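Trainee: I have the file open and would like to go through it with you. Could we take the chains in turn?

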Amino acid sequence: MSTLYATRPAPMALTPPPLARLIRVELRKSVDTRAGRWLLVLIGLVAVGAAVVTMVAAHANEHNFRDLLGNTGEMTAILLPVLGVLLVSSEWSQHTALTTFTLSPRRGRVIAAKAMAGALLAVAATVVCTAVSAAALAAAGHGPAGRWHGAAAAIGLALVFQILNLLLGVGFGLLFRSTPVAVVVYFAVPTAFSLLTGLITALAGTGRWLDPSTAWDHLASGGMTATIWAQVATAAAVWILLPMLIGSWQVLRRPVDA
Amino acid sequence: MIEISELTRRFGAAGIRDVSFICRPGSVTGFLGPNGAGKSTTMRVLCGLDRPDSGTATIDGRPYMRLPQPGRRVGVMLDPGAMHRGRTGRETLMLAATMLGVDRARVAEMLTITGLDASAAAKRVGQYSLGMRQRLALGLALLGDPGVLVLDEPANGLDPQGVRWIRTLLREFADRGGTVLLSSHLLHEVEVIADHLVIINNGRIVADGSPQDLRSSRSTLVRAVDIAALAAALRAAGQQVRAADGGDLVTGALVTDAESEQVGRIAARAGAVLTELRPQGDDLEELFFTLTTTEVQEAA
């Protein structure tokens with residue numbers, strides 16, 4: 001069985017796998033299972049659906065690129081965190097963490113690769129939403145003047161919005177390391193939080209600073225001000241940075257569960 | 001070379017304590033012990049998946065975490081269940097090949113070596129039998145063309161041909177200068193290929209040596225009408241005493257390192273009536289059972 005010894009290298013001459021390679025592996029993991037592929041297809045379909053509904057059902061003054069991109073962005077953003085959750089939690093739900101961390105024992109690099117793969121998937125989602133919105137608008141033929149107005153700025157904001165939503169999922173995945181728990185918490189907790197701050201007027205002021213659904217939605221719907229940017233940042237710190245830090249700390253410190 | 005030195009990892013009263021042994025290049029080390037004795041814990045700590053409370057475990061003089069590309073130096077198989085059920089066998093290997101930076105042709109070679117044909121490679125792992133999963137996990141361990149193998153119960157779930165296949169594979173690997181550490185709870189699985197045996201029980205190493213060494217470490221098995229009195233007499237005479245093979249020191253037999261004649265003399269002085277007295281040690285299996293049951297008795 002000489003093939004066992006095909007390419008014996010000098011062991012110490014090897015360098016750790018470059019981060020770009022780990023990111024490529026993480027991207028591949030998100031498309032190489034049926035569940036992963038269907039989720040991506042579903043996100044694409046939601047973008048198309050949102051654009052069609054906007055063109056067919058919405059008032060004609062919404063038939064412009066900014067509103068189309070806002071609507072497709074907001075609709076896909078419901079599913080993007082699930083993609084982020086799966087990037088991380090599937091390692092535990094599918095027991096692959098053991099294999100991943102024996103092949104790449106520097107766990108921090110794996111976490112970084114997952115977060116960056118998540119950001120790249122968010123870029124891809126933005127590209128899809130942009131393309132779908134532009135196609136819908138072009139297909140409609142003539143429309144109100146200035147319907148392409150502010151397209152570049154809208155794409156920039158949509159990109160930030162998508163990245164934040166995807167990283168929210170990555171953070172929840174790191175914190176809970178279980179797909180069902182992370183997904184349920186993602187759907188339940190921010191909604192409950194919004195309801196709470198909506199019902200209790202005393203909390204409404206605080207809510208604007210902490211509730212991602214109010215702060216971040218401005219990225220999709222427009223009307224950004226310095227205060228709203230600050231609110232986007234504080235909500236991101238609470239809902240993305242904090243779960244990511246706590247979750248990463250646990251992944252780095254704790255024994256890898258089989 | 002694998003060097004494990006005074007490794008301790010506690011889980012309450014369980015875990016491993018002061019585990020030390022060395023696996024040399026060109027040899028197969030059989031790591032034996034009953035389920036729960038600490039084999040997997042030792043291997044997990046060795047592979048950087050768990051931290052020791054104290055002690056060190058190194059491969060080529062470095063902790064696993066500090067190896068620049070551990071997957072290219074050490075092939076690890078700790079749990080054949082650690083694979084995504086929704087990925088195909090080929091894809092599982094392909095992902096690892098990308099991480100390791102090895103040629104894609106190596107994936108096809110591994111499928112051939114492990115005997116997974118084209119239709120098996122295209123199936124999702126969730127549809128695999130335990131034996132197929134075991135083969136794929138071994139392919140994963142061999143993928144990076146390592147010089148060291150760390151395998152936890154590799155023969156589990158394999159049919160007799162599979163067991164024979166893995167024996168040949170590991171023997172050849174070691175004969176070409178590779179270092180193999182493989183665990184098992186079954187002596188007969190490893191005694192055929194291992195040239196070094198390390199036996200662990202209750203988290204402590206209870207024997208370490210070549211099968212020949214272990215066979216020649218003779219002891220004496222004794223039965224008596226009043227076994228407790230005889231045990232006390234032997235202890236008073238400075239001899240080590242253990243209960244034999246799952247028994248206790250009230251009704252069972254005892255094993256001592258003293259020779260038959262010595263035992264006879266001590267028994268005569270104490271007025272103990274012997275019902276059986278025989279040297280043992282030629283039988284590795286008996287030694288294994290003796291070593292792995294007594295500690296439990298003492299701990300109980």
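Predicted model: local features only at pLDDT ≥ 70, side-chain atom pairs only at ≥ 80, totals over all residues.

Trainee: What does the secondary structure of chain A come to?

Mentor: Chain A has eleven helices and zero strands. The C-alpha trace of chain A spans about 70 × 50 × 30 Å along its principal axes.

Trainee: How much of chain A is buried?

Mentor: Of the 258 residues in chain A, 44% are buried. As for the contacts in chain A with a separation of 6 or more, 80% of them are between residues 24 or more positions apart.

Trainee: What is the average pLDDT of chain A?

Mentor: The average is 88, and 93% of the residues of chain A score at least 70.

Trainee: Where does pLDDT stay under 50 in chain A?

Mentor: That is the case over residues 6-12 of chain A, for which the model has eleven contacts beyond four places in sequence.

Trainee: On to the interface. How many residues of chain A are in contact with chain B?

Mentor: There are 36 residues of chain A in contact with 41 residues of chain B. Helices α1 (19-29), α2 (34-57) and α5 (97-103) of chain A each supply at least two residues of the side that touches chain B.

Trainee: Which classes do the residues on that side of chain A belong to?

Mentor: The side of chain A that touches chain B has 19 nonpolar residues, ten polar ones and seven charged ones.

Trainee: Now chain B. What does its domain assignment give?

Mentor: The assignment gives domain 1 (2-209) and domain 2 (218-280) of chain B. The centres of these two domains of chain B, taken over C-alpha atoms, are separated by 40 Å.

Trainee: In the open sheet of three strands in chain B, what is the strand order?

Mentor: The order in chain B is β2-β1-β4, and the pairing is antiparallel. Strands β2 (14-23) and β4 (54-59) of chain B are at the edges, each pairing on one side only. On average, neighbouring strands of this sheet are turned by 20 degrees against each other, direction ignored.

Trainee: Over how many bridges do β1 and β4 of chain B pair?

Mentor: Strand β1 (residues 2-11) of chain B pairs with β4(B) over five bridges, in the antiparallel sense. Opposite Thr8(B) stands Ser54(B), which is in β4(B).

Trainee: Which helix lies across those strands of chain B?

Mentor: Helix α1 (residues 39-46) of chain B lies across β1, β2 and β4 of chain B, and runs at about 115 degrees to β1(B).

Trainee: Is α1(B) mostly covered or mostly exposed?

Mentor: Helix α1(B) is mostly covered, with eight of its eight residues buried. Among them are Lys39(B), Arg44(B) and Leu46(B). Gly48(B), which follows α1(B), has a positive phi, near 75 degrees.

Trainee: One last topic, β7 of chain B. Which of its residues are buried on each side?

Mentor: Thr179(B), Leu181(B) and Ser183(B) are buried on one side of β7(B), and Val180(B), Leu182(B) and Ser184(B) on the other.

Trainee: And which strands pair with β7(B)?

Mentor: Strand β3 (residues 27-32) of chain B runs parallel to β7(B) and is joined to it by six bridges. In that pairing, Ser27(B) has Thr179(B) as its bridge partner. Strand β6 (residues 148-152) of chain B also pairs with β7(B) in the parallel sense, over five bridges. There, the bridge partner of Asp152(B) is Ser183(B).

Note on methods:
Residues numbered from 1 in each chain as written. Chains lettered and ligands numbered in written order. Pairing = 2+ DSSP bridges. Helix = DSSP H or I, 4+ residues; strand = E, 2+ residues; numbered from the N terminus. Axes fitted to C-alpha atoms, helices over the stretch in contact; angles between N-to-C directions. Contact = placed C-beta atoms within 7 Å. Nonpolar A, V, L, I, M, F, W, Y, C, P; charged D, E, K, R; others polar. pLDDT = per-residue confidence, 0-100. Buried ≥ 20, exposed ≤ 12 C-beta atoms within 10 Å, placed from the backbone. Domains from an automatic or database assignment.
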